[in-house]
Amino acid sequence: MKKITLLFTIVFALFLHSCKSTKQLQTQVDTSGTIPPITEFQTADEIILNSIQRRSNFDWFSANLSGSINLDGDKNNFGGQIRIKNGEQIWINVTMFFMDAARLKITPDSVFIYHRDPDNPMRGEQIAIIRDFSFFKEMTGVEFTFDMLQDILLGNYFLGEPNGGFSYEFSEGNFLITDNRITEDVMFDFSLHNAYYKFISLTMRDRQNRAVRIKYDSHGNFNGNLFPQKLTIRMTEPMLMELNLNYQKIQLNVPQNMPFSIPRSAKRN
């Protein structure tokens, strides 16, 4: 759990640094099939607008998790579950060595984290963290929102309304969109699939040329919504870190329990 927390901390610090003033989009997914063919697109803004139309529309999302985390060559596998009540709560349970290793509950206002010592999950120290949402700002120095975190996990476009600051070209048949805006901090480049306009990859680079790359793969159609079933989050500076997530048995709009309890013996930070 310490490795996963460290990875997400650095990723959020870099990746979300320019999102402080990003307006969250409320556009629902368009499943009418009215998006025009590629040949009719004239600008990157038109392509981005169609990506906005493909944002997922759901009340509940749940999936089993499997994956691995590689921190500078030290790799570990994990399993678990993820459950999301749209706009209200994210719940993640991580299992290692056939037992619960960590649990997270995140709301727009609060963050709850409970984890066991990964080196000795049976008898090691148990840690509990209960904070308001500013905990993420304390870790990263970045102001961002619950909705941004949810969009990153589910592959929804979240970079604000198009404003003429992007250009595009075709790369392997898909849209490769380049950030041409003059910004103080970061630039975004991303690829959108040429048939369903969802993220294939998303890269952020800061002025020190540090980069975080998220790759989205194996999109599936669930009740007219497209969700990636594989995510890879990777960075190489200041050290190699890679998190692989696989979403399995995805369910939509099935209400889920999100249990969270802290043993009295847990140390509170």
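Strands β10 (residues 199–206) and β11 pair in the antiparallel sense over five bridges, where pairing requires that DSSP finds at least two bridges between two strands. Helices (H or I, at least four residues) and strands (E, at least two) are DSSP runs, numbered from the N terminus. This is a predicted model, in which local features need pLDDT of at least 70 and side-chain atom pairs count only at pLDDT 80 or more, while totals for chains, interfaces and linings use all residues. Residues are numbered from 1 along each chain as its sequence is written, and side-chain values use heavy atoms, with hydrogens and water left out.

Between β10 and β11 lie four residues, and the two strands form a hairpin. In its turn, Asn 209 has a positive phi of about 65°. Across the pair, Met 204 stands opposite Val 212 in β11. On its own, β11 (residues 211–217) has alternating side chains. Val 212, Ile 214 and Tyr 216 point to one face and are buried, buried meaning under 20% relative accessible area, exposed over 50%, and partly exposed in between (1.4 Å probe, protein chains only).

The largest nonpolar core has 60 residues. Such a core is a set of buried Ala, Val, Leu, Ile, Met, Phe, Trp, Tyr and Cys residues joined through side-chain atoms within 4.5 Å. Phe 61, Ile 82, Phe 190 and Tyr 247 touch the most other members. Strand β15 (residues 241–252) gives the most to this core, with six residues. Leaving aside neighbours within four places in sequence, the contacts of Phe 61 (heavy atoms within 4.5 Å) include Ile 82, Leu 154, Phe 227, Tyr 247 and Ile 250.

Leu 154 belongs to helix α4 and is buried. α4 (residues 146–154) is mostly covered, with eight of its nine residues buried. Among them are Phe 146, Met 148, Leu 149, Gln 150 and Asp 151. Gly 155 follows α4 and has a positive phi, near 75°.

Elsewhere, Ala 101 lies in strand β4 (residues 99–106). Ala 101 counts as buried because its relative accessibility is 8%. Not counting residues up to four places away in sequence, Ala 101 touches Val 94, Thr 95, Met 96, Tyr 114, His 115 and Arg 116. The C-alpha atoms of Ala 101 and Gly 80, which are 21 residues apart along the chain, are separated by 9.3 Å.
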